[in-house]
Amino acid sequence: MPAILLGLQDFLNCSKSKNMFRSYLKIALRNLFKSKISSFINITGLAVGMAVAMLIGLWVWSELTFDTQFANYERIAQVLQNGTYNDEVGTQAEIPPPLGPELRTAYGADFTYVVMATDVRPQALTFEDKKFTQSGASFGAEVTEMLSLEMLQGSRTGLKEPNSILLSETLAQTYFGDTEPLGKIMQIGEQSYKVTGVYADLPRNSSFYDLAFITPWNENEPYIKNHIDNWGYNSFNAYVQLTEGADMAQVSAKIKNIKYNKVNEDGKKYKPEMFLHPMSQWHLYSEFEGGKSVGGRITTVWLFGIIGAFVLLLACINFMNLSTARSEKRAKEVGVRKAIGSRKNQLVRQFLSESLLVAAFAFVLALLLAQLSLPFFNAVADKKMSLLWSNPVFWFLGIGFALGTGLLAGTYPAFYLSSFQPIRVLKGTFKAGRLASIPRKVLVVVQFTVSIALIVGVLIVFQQIQFAKNRPIGYDTSGLIVLPTPTLVVHEHFDAIQSELKNSGAILEMAEAYSPMTDLYLALDGFDWKGKDPAMQVSIGTELVSHDFGKTVDWKISAGRDFSRDFASDSTGVILSETAVKYMGLKNPIGEVIKSQNFSPEPIFFKVIGVVKDVLMESPYEDVRPMLYVLNSWKGNFAVLKLNPALSAQAALAKIAPVFQKHNPSVPFDYQFVDAEYGKKFAAELRVGRLAGFFAILAVFISCLGLFGLASFMAEQRTKEIGIRKVLGASLSSLWQLLSKDFVLLVFISFFIATPIAYYFMSNWLQTYTYHTEISWWIFVATGLGILGITLLTVSYQSMWAALTNPIKSLRSE
């Protein structure tokens, strides 16, 4: 350790001597140009490793700084609640509307602001002839102060005016261009709103990035007013900002029983507990099990951070391997310099200067590679990141990073080369020995162990995605589209619209639904039936549909029949999913009566008329929820249409659009293809798989660069041996085998080390999904054979070159 510190100290002080510095630089450059292949491999490998580390560093920084742009970041929290259902604790963000007033009244000293809100959701926003679907929500007026919105026009008090609306900068530009937006009247459905402010767009790494407009929380709105005192109506969100000095954990403990003390005895059996989820944990710690946070995206942050470190390590291993491998060629240089008086620390400085020069070249190339890769990387990662060229911190960290990499990669070779004994070297008795190659072999094994583990992990991720994609979903997505219907117009003119579209040949069927096909808006508990355990805590997904819903989505009836206009009694009919039948313990479900208190003050008695195969509406990685389908006499939030396959989608939509615009002119014609929306459920896993695959390919590339360099060195070292063997009659294949077998052995060792490691970690990853695949043996075999093939291709060039060289040229110097 003292020798290391002394060497580093002398190295830092050597800048005082310009002549010495020029000498080190000149020798370093001369050695780089002398060993062109080795220098190319070192610089390219380090550059790729640094570029990967830069990209991952940008991504990790983007994740860790999520939401930190809000001035009150440390004191903002969302109110969540835990509830116990059949001895299992679940966590949800939806809370009842009376919670906000109660927090202000009972705990006002702990909160600067309490803001009630609806979910951010797409809504039809209209101004004159401009109609677009935009994402927005209703918030309490204090949200502008809580989120410290930058108001470009108007003030933060704009939401205090009834029927007001605040627009993001981009949205204001979309609707009004360069004209004055303040005071303009816009419409959401049938409600008019006055523009009272424009705020700067929220950054992409923000939980409210997609918040294009804000309307005020209005307790006189029917959907709020009707439930303003209902502690069991969990449909809204609550955000709070703590007062200065308030402790998040202590305040969270205070409000724990706020709902429990208000609900009736039936509500108490769910043991509701409220708690605060800090903004600092929204993005990275969003997953809960048993009522406690168990992580979330922080796992992915750690994963890619580790991958970045390993890829950089692989590049450093290349440098160390090639530097030590060529030690015999530089042994005489070391011997001569020691003989004429060079101290060990001076030699350390020389070799470290070469390492730092390589790192400097690699850093410049890494900046270029990172800049060129950013568009692709942003597209895969779904980010908008850029290198911070004008930020001095970036340059400080970048240059420090390059220096650190150079020292990390060069320290071992520097001390190894400077330790040679001059007497043995100059007598010609110095040989590195068989044991000298062991560290290099160990490092090669490390390289390929990491590469194999990464590739296996990527293949398992994609196997899991494909497994979930192949899961039966219970309906036909082909040609199925969904349109939001925010007003009553479509419901009131449903028969006319349906008839007109069918007559045009654009569709086969049309139906209404309360939820879109790829999400579920209702999960209710107020059901009772014969044989139900009184202690059972019920939660059944509920979908409100029209008569033709089943024919439109082509679900599969497994017992009984579908809804029909031929039976007036179907107004109180119900269809259950197969999972619901098992959940309710019904042996003969057809004709069973289900009592419900969810839809009116008086109980309604529904009769089971059919059972359908499970329709998957939520996560394809989780168990399907028990579902109950009833006819909706009020309105659906969505129209579901089955396009006529005889027409192209473009032609069918061209016929559908004018019909909806004729009957519902205030709402834009926006639609989503159900298969595309369902595909979005795999986006997060696909993103992880693609990013990991990208880095795995680079890891293999870096490993192969190092392997190529070592193979080149070994072929060069054994040129005379190969010449003698050829003279004695050795065949081309035997020589190829001679030069390749050592590397093949190292790959086999790497494979047997990487296999259990990859299996262990990927098995644990799969266990985070309820619906998951089993790890297939072929993944490991395919990866092993693939890496073996790449290895043989990499080393074969040098092996064949050495084997084909004329032995006369190899032995000429003898």
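## A term used below

A crossing of two helices is called right-handed if the near helix is turned clockwise from the far one by less than a right angle, and left-handed if the turn is anticlockwise.

## Overall composition

The model is predicted. The protein has 814 residues, and 51% of them count as buried. Its secondary structure consists of 26 helices and 26 strands. Among the contacts in the protein with a separation of 6 or more, 78% are accounted for by residues 24 or more positions apart.

## The packing of α17 and α20

Two packed helices are described by the angle between their axes and the distance between the axes. For helix α17 (residues 494-504) and helix α20 (residues 649-663), the angle is about 155 degrees and the axes are 10 Å apart. Angles over 145 degrees count as roughly antiparallel, and α17 and α20 are therefore roughly antiparallel to each other. The crossing of α17 and α20 is right-handed.

On the side of α17, the contact is made by Ala496, Ile497, Glu500, Leu501 and Ser504. On the side of α20, Lys655, Ile656, Val659, Phe660, Lys662 and His663 take part. The residues of this contact comprise six nonpolar, two polar and three charged ones.

Glutamine 498 also belongs to helix α17. Its relative accessible area is 8%, and glutamine 498 is therefore buried. Apart from its neighbours within four places in sequence, glutamine 498 is in contact with Ile507, Glu509, Met510, Asp548 and Arg565.

## The buried side of α6

Which residues of helix α6 are buried? In this helix, which spans residues 169-176, they are Leu171, Ala172, Tyr175 and Phe176. These residues cover an arc of only 105 degrees around the axis, so they lie on the same side of α6. An α-helix has 3.6 residues a turn, so residues three or four places apart point the same way.

The cover over the buried residues of α6 includes the strands β4 (121-127), β5 (130-139) and β7 (164-168). It also includes β8 (185-188), β9 (191-199) and β10 (213-216). Just after α6 comes glycine 177, with a positive phi of about 60 degrees.

Aspartate 67 is a residue other than glycine with a positive phi, near 75 degrees. Its place is in the loop between α3 (36-64) and β1 (76-85). Aspartate 67 counts as buried because its relative accessibility is 0%.

Lysine 271 is likewise a residue other than glycine with a positive phi, here near 50 degrees. The loop that holds lysine 271 runs between α9 (265-268) and β12 (273-278).

## Residues brought together from separate parts of the chain

Isoleucine 37 is part of helix α3. With a relative accessibility of 45%, isoleucine 37 counts as partly exposed. Isoleucine 37 and glycine 709 are 672 residues apart along the chain, yet their C-alpha atoms are separated by 7.3 Å. Isoleucine 749 lies in helix α24 (residues 732-766). It counts as partly exposed at 36% relative accessibility. The C-alpha atom of isoleucine 749 is separated by 6.9 Å from that of valine 445, although 304 residues along the chain lie between the two positions as their separation.

Histidine 491 is found in helix α16 (residues 489-492). At 22% relative accessibility, histidine 491 counts as partly exposed. From histidine 491 to glycine 636 the distance is 7.1 Å, C-alpha to C-alpha, while the two are 145 residues apart in sequence.

Is histidine 547 in a loop or in a helix? Histidine 547 is in the loop between β19 (540-545) and α18 (549-553). Its relative accessible area of 23% makes histidine 547 partly exposed.

Histidine 547 and serine 564 are 17 residues apart along the chain, and their C-alpha atoms are separated by 6.0 Å. With neighbours within four places in sequence left aside, the contacts of histidine 547 are Phe563, Ser564, Arg565 and Leu631.

Methods. Residues are numbered from 1 along each chain as its sequence is written. This is a predicted model: local features need pLDDT of at least 70, side-chain atom pairs count only at pLDDT 80 or more; totals for chains, interfaces and linings use all residues. Side-chain values use heavy atoms; hydrogens and water are left out. Axes are lines fitted to C-alpha atoms, for helices over the stretch in contact, and angles run from 0 to 180 degrees between N-to-C directions. Helices (H or I, at least four residues) and strands (E, at least two) are DSSP runs, numbered from the N terminus. Angles under 35 degrees count as roughly parallel, over 145 as roughly antiparallel, 65 to 115 as roughly perpendicular and the rest as oblique. Contact means heavy atoms within 4.5 Å. Ala, Val, Leu, Ile, Met, Phe, Trp, Tyr, Cys and Pro count as nonpolar, Asp, Glu, Lys and Arg as charged, and the others, Gly among them, as polar. Buried means under 20% relative accessible area, exposed over 50%, partly exposed in between (1.4 Å probe, protein chains only). The arc is that of the directions from the helix axis to the C-beta atoms.
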